[in-house]
Amino acid sequence: MPRQPARNDLDALFLSRMRLGIMSALAGGDELDFATLKEILGATDGNLGAHLRKLEDADLIRARKRFIARKPNTSYRMTDRGREAFEA
């Protein structure tokens, strides 16, 4: 189980423009895949992946890995904890 970040840690997570953008994109409640987030945010694969990992490690988002037409696909959704932190 991931470590639950303290309030100051959460504030620091949202200082990044990219992480704030990810959370804003997911705030609508939709599950978005990596390619869609990359396009919305204008990010590179490596940069987006690093920020998604930080949010996932903090239990603010969840990843779902699957195959679509035999191709790997990872999509992301905000957790309840992530929604509470984002709204705060």
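The points below walk through a predicted model of one protein chain, from its overall layout to some single residues.

1. Overall layout. The protein chain contains five helices and three strands, and their order along the sequence follows the pattern α-α-β-α-α-β-β-α. Of the 88 residues in the protein chain, 35% are buried. When contacts between residues at least 6 apart in sequence are considered, 55% of them join residues at least 24 apart.

2. The three strands form an open sheet in the order 1-3-2, and the pairing is antiparallel. Strand 1 (32-33) and strand 2 (61-68) are at the edges and have a single partner strand each, so one side of each is left without a neighbour in the sheet. A helix also packs on this sheet: helix 2 (residues 17-26) touches strand 1, strand 2 and strand 3, and its direction makes about 85° with that of strand 3.

3. Pairing of strand 2 with strand 3. Strand 2 and strand 3 (residues 71-78) are joined by eight bridges in the antiparallel sense.

4. Pairing of strand 1 with strand 3. Here two bridges join the strands, and strand 1 and strand 3 run antiparallel.

5. Helix 4 (residues 45-57) lies across strand 2 and strand 3, and the direction in which helix 4 runs is at about 120° to strand 2.

6. Helix 2 against helix 5. Two packed helices are described by the angle between their axes and the distance between the axes. For helix 2 and helix 5, the axes come within 11 Å and cross at roughly 115°. Angles of 65 to 115 degrees count as roughly perpendicular, and helix 2 and helix 5 are therefore described as roughly perpendicular to each other. Their crossing is left-handed. On the helix 2 side the residues that meet helix 5 are Leu20, Met23, Ser24 and Leu26, while on the helix 5 side they are Gly82, Arg83 and Phe86.

7. The aromatic pair. The structure holds one aromatic pair. Its members are phenylalanine 14 and phenylalanine 86, which are arranged edge-to-face, with 6.2 Å from centre to centre and 70° between the planes. The pair links distant parts of the chain, since phenylalanine 14 is in the loop between helix 1 (7-13) and helix 2, whereas phenylalanine 86 is in helix 5 (residues 80-87), 72 residues apart. Buried means under 20% relative accessible area, so phenylalanine 14, at 17% relative accessibility, counts as buried. Phenylalanine 86, with a relative accessible area of 26%, is partly exposed.

8. Methionine 78. This residue lies in strand 3, and at 7% relative accessibility methionine 78 counts as buried. Leaving aside its neighbours within four places in sequence, methionine 78 is in contact with Met23, Leu26, Ala27, Leu60, Ile61, Arg83 and Phe86. Among these, Met23 and Leu26 in helix 2, together with Arg83 and Phe86 in helix 5, also belong to the residues through which the two helices meet. The C-alpha atoms of methionine 78 and isoleucine 22 are separated by 9.4 Å, although these residues are 56 residues apart along the chain.

9. Proline 72. Once its neighbours within four places in sequence are left aside, proline 72 is in contact with Arg66 and Phe67.

How values were computed:
Residues numbered from 1 in each chain as written. Predicted model: local features only at pLDDT ≥ 70, side-chain atom pairs only at ≥ 80, totals over all residues. Heavy atoms only, no water. Pairing = 2+ DSSP bridges. Helix = DSSP H or I, 4+ residues; strand = E, 2+ residues; numbered from the N terminus. Contact = heavy atoms within 4.5 Å. Axes fitted to C-alpha atoms, helices over the stretch in contact; angles between N-to-C directions. Phe/Tyr/Trp six-rings, centres within 6.5 Å; stacked < 30°, edge-to-face > 60°. Buried < 20%, exposed > 50% of the residue type's maximum accessible area, 1.4 Å probe, protein only. Parallel < 35°, antiparallel > 145°, perpendicular 65-115°, else oblique. Left-handed = near helix turned anticlockwise from the far one by under 90°.
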